[in-house]
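Subject: Structure handover

Hello,

Here is the structure you asked for. Please open it first and keep it beside you while you read the notes below.

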Amino acid sequence: MEFALVLPIFLLLLFAIIDFGWYFTREFVLINAVSQGARSAVGTVRQPDETVSAYVQRVTEKVRETAGDLYWIGTLSESRITVEVELSGGLPDTITVVGKDNYRSLTGFLPSSLLPEDTRARTVMAFL
């Protein structure tokens, strides 16, 4: 009889640990992917004959490709990665990369009101 009283509480606790562990894993992987994407952009050298807009476009594509490749948990589409390049004197000064992905429960046991809706990561780096 005591087992029947304790089991639901134990399962709730167990599934909460699993779901929140999955959430933090997804968030950590997203943070790493966004950070590495920004780092790859900062190391991109501008060609002498390249316009600033073409350079920004090339940097944006590189960020999205790198971040998408490193997000091994799921698919991170290009629409979920926002890249903003701030210019100073006509040259890139800082890059801000924001990644967002919907969170899906691993167990499906906990109600959605207890779980976060999405994971987000933001990185700002300066060009040298």
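Ser40 is buried, with a relative accessible area of 16%. (Buried means under 20% relative accessible area, exposed means over 50%, and partly exposed is in between, with a 1.4 Å probe and protein chains only.) Ser40 sits in helix α1, residues 2–42; helices (H or I, at least four residues) and strands (E, at least two) are DSSP runs, numbered from the N terminus. Not counting residues up to four places away in sequence, Ser40 touches Lys62, Val63 and Thr66, where contact means heavy atoms within 4.5 Å. Ser40 and Ser79 are 39 residues apart in sequence, and their C-alpha atoms are 19 Å apart in space.

Before you go on: this is a predicted model, in which local features need pLDDT of at least 70 and side-chain atom pairs count only at pLDDT 80 or more, while totals for chains, interfaces and linings use all residues. Residues are numbered from 1 along each chain as its sequence is written, and side-chain values use heavy atoms, with hydrogens and water left out.

Salt bridges

Side chains of opposite charge can pair when their charged atoms come close. A salt bridge is counted here when a side-chain nitrogen of Lys or Arg is within 4 Å of a carboxyl oxygen of Asp or Glu. How many salt bridges does a search of the whole structure find? The search finds four.

One of them joins the side chains of Asp101 and Arg26, at 2.6 Å from N to O. Asp101 lies in strand β2 (residues 91–102) and Arg26 in helix α1, so this pair ties together parts that are 75 residues apart in sequence. Asp101 is buried at 7% relative accessibility, and Arg26 is buried at 3%. Leaving aside neighbours within four places in sequence, Arg26 is in contact with Tyr71, Ile73, Asp101, Asn102, Tyr103, Arg104 and Thr119.

Another salt bridge is formed by the side chains of Glu50 and Arg58, at 3.0 Å from N to O. Glu50 is buried, with 14% relative accessibility, whereas Arg58 is partly exposed, with a relative accessible area of 30%.

The side chains of Lys100 and Asp118 also meet in a salt bridge, at 3.5 Å from N to O. This pair links distant parts of the chain, with Lys100 in strand β2 and Asp118 in strand β3 (residues 118–126), 18 residues apart. Salt bridges that share partners join Lys100, Asp118 and Arg120 into one network. Is Lys100 buried or partly exposed? Lys100 is partly exposed, with a relative accessible area of 27%, while Asp118 is buried at 17%.

Surface patches

Patches are made of residues with over 30% relative accessible area and no salt bridge; like charges are joined within 9 Å, and nonpolar side chains (Val, Leu, Ile, Met, Phe, Trp, Tyr) within 5 Å. Accessible areas come from the Shrake-Rupley method with a 1.4 Å probe.

Which residues gather in a patch of negative charge on the surface? They are Glu61, Glu65, Asp69 and Glu78. Asp69 is in helix α2, residues 52–70, and is exposed, with a relative accessible area of 60%.

There is also a nonpolar surface patch of about 940 Å². Met1, Phe3, Leu5, Val6, Leu7, Phe10, Leu14, Ile18 and Leu106 make up this nonpolar patch. Leu5 is in helix α1 and counts as exposed, at 60% relative accessibility.

Regards

Conventions
Lys and Arg count as positive and Asp and Glu as negative; His and the chain ends are not counted. The place of a charge is taken as NZ of Lys, CZ of Arg, CG of Asp or CD of Glu.
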